Amino acid sequence: MASKEVNNVCEEREHSQRTEGELSLFRSKLLKWFDNHGRILPWRGIADPYKIWVSEIILQQTQVVQGWDYYHRFISAYPNVQSLAEAKEEEVLLLWQGLGYYSRALNMLTAARQVVELYGGIFPREERDVASLKGVGPYTTAAIMSIAYNAPLAVVDGNVYRVLSRVEGCEVPIDTTPGQKFYRTLAEIFLDREKAGKYNQAMMDLGAMICTPSTPQCPECPVAELCLSRDNLELQQLLPIKAKRVAVEDRYIDYFLLLDGDSLWVERRDKKGIWKGLYQFPMQEQKGRFLTERQLNERYGEDWKLVETTDLPDHRLTHRQLHIRVHTYQWQGELSSAFESPLEQIAISDHHLYAFPKPLRAFLNSHFS
Ligand code: SF4
């Protein structure tokens, strides 16, 4: 996908429409679950930035089960940053043998020497100093700063991308620069700033244990009541989106603009998917093609006369190309038209008081300004 299109998706999607109440419910449910069900790991419950750093580097490309023994061996050989700084390269590599991605070990050795030279052997406390260590990127910086010092920085890794994109039903891709920026902001919005270290570890565990890539356990999930992908296997399999892997599907939307005198009929979209909670005309969406003329004429019976069909510009989403038509019907009946909820009748002159998806807003503005 071209970066311009990704940008559009990011711009169109607000970071989150969550209220402060929902965010605080999310955090408290997550943290309570973590207290009772979080993983018991050798590097948990410690505030030593050196040990947290070692564990995070080991886990960058290694499963927890495999990393466990390496962590113990590494820490018993080099219990603090000074001992690592004094180690020989061959010794460190020998200890790392079998873990792969050996540049991780060499970078740690360089970084340990940096700590000794620049900070007298005391692991730095400032974000910029931690971030300047060799091999320490934004994720590891946030993990060390939040877990060791409770600094309010959100970690964003594969687990966090997956959980947040599913909780928010968010189609912004995770493998583009604007997409990654979008998720960093989203992660900061969700972060429990008072308990950042615990919150970050809870998010990692939720992604590793419950909201797993292929079989999320929604019935066991502490944040299920706030999740827009809950029990929706199709959406869960789709999220998080990778732009480079996206197959674009053509979808056809027929909107029905039902005009009765000075009023029109609208409905509110549900709280899922795109345009959630916005108003729209009654609609039908399908794969393959628009509705036929016959289907349109038969749709509302003879009191509604189809007077015009307007093609709107296509609307591109990450994995869908939306083709959109608005069919305008005029009420011909003797009494006033009537529909049941969720349809509601509004004055045409009030249309600007309602939030519509971008294509319908442009249509309304051009037809009823
Ligand atoms: S409810 Fe299901 S999809 Fe949503 S975060 Fe929990 S496990 Fe993941």
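1. S2 and S3. Two antiparallel strands open this note: S2 and strand S3 (residues 279–280) are joined by 2 bridges. Strands here (E, at least two residues) and helices (H or I, at least four) are DSSP runs, numbered from the N terminus. Two strands pair if DSSP finds at least two bridges between them.

2. Basis. This is a predicted model, in which local features need pLDDT of at least 70 and side-chain atom pairs count only at pLDDT 80 or more, while totals for chains, interfaces and linings use all residues. Residues are numbered from 1 along each chain as its sequence is written, and side-chain values use heavy atoms, with hydrogens and water left out.

3. Other partners of S2. S2 also pairs with strand S7 (residues 344–347), antiparallel, through 4 bridges. S2 is mostly covered, with 5 of its 6 residues buried. Buried means under 20% relative accessible area, exposed over 50%, and partly exposed in between (1.4 Å probe, protein chains only).

4. The S1–S2 hairpin. S1 and S2 form a hairpin with 2 residues between them. Gly-261 sits in the turn and has a positive phi of about 60°. The two strands run antiparallel and share 2 bridges. Asp-260 has Ser-263 as its bridge partner, and Leu-259 has Leu-264.

5. Strand S1 (residues 249–260) is mostly covered: 10 of its 12 residues are buried. S1 runs parallel to strand S6 (residues 320–331), with 11 bridges joining them. Glu-249 is bridged to Arg-320 there. S1 also pairs with strand S4 (residues 283–287), in the antiparallel sense, over 5 bridges. Asp-254 has Gln-284 as its partner in S4.

6. Overall form. The protein chain has 15 helices and 7 strands. Its radius of gyration is 27 Å, well over the 21 Å that the globule rule gives for 369 residues, so the chain is more spread out than a compact globule. That radius is taken over C-alpha atoms, and the rule is 2.2 Å times the number of residues to the power 0.38. The C-alpha trace spans about 90 × 35 × 35 Å along its principal axes.

7. Burial and contacts. Of the 369 residues, 50% count as buried. Contacts (heavy atoms within 4.5 Å) are worth a look by sequence separation. Among those between residues at least 6 apart in sequence, 70% join residues at least 24 apart.

8. Cis prolines. The peptide bond from Leu-239 to Pro-240 is cis, with omega near 0°. Pro-240 lies in the loop between helix H13 (233–238) and S1. Ser-341 and Pro-342 are also joined by a cis peptide bond, with omega about 15°. Pro-342 is in the loop between S6 and S7.

9. Asn-150 is not a glycine, yet has a positive phi of about 55°. Asn-150 lies in the loop between helix H9 (138–149) and helix H10 (158–167). Its relative accessibility is 35%, so Asn-150 counts as partly exposed. Asp-231 is not a glycine either, and has a positive phi of about 60°. Asp-231 is in the loop between helix H12 (196–210) and H13. Asp-231 is exposed, at 61% relative accessible area.
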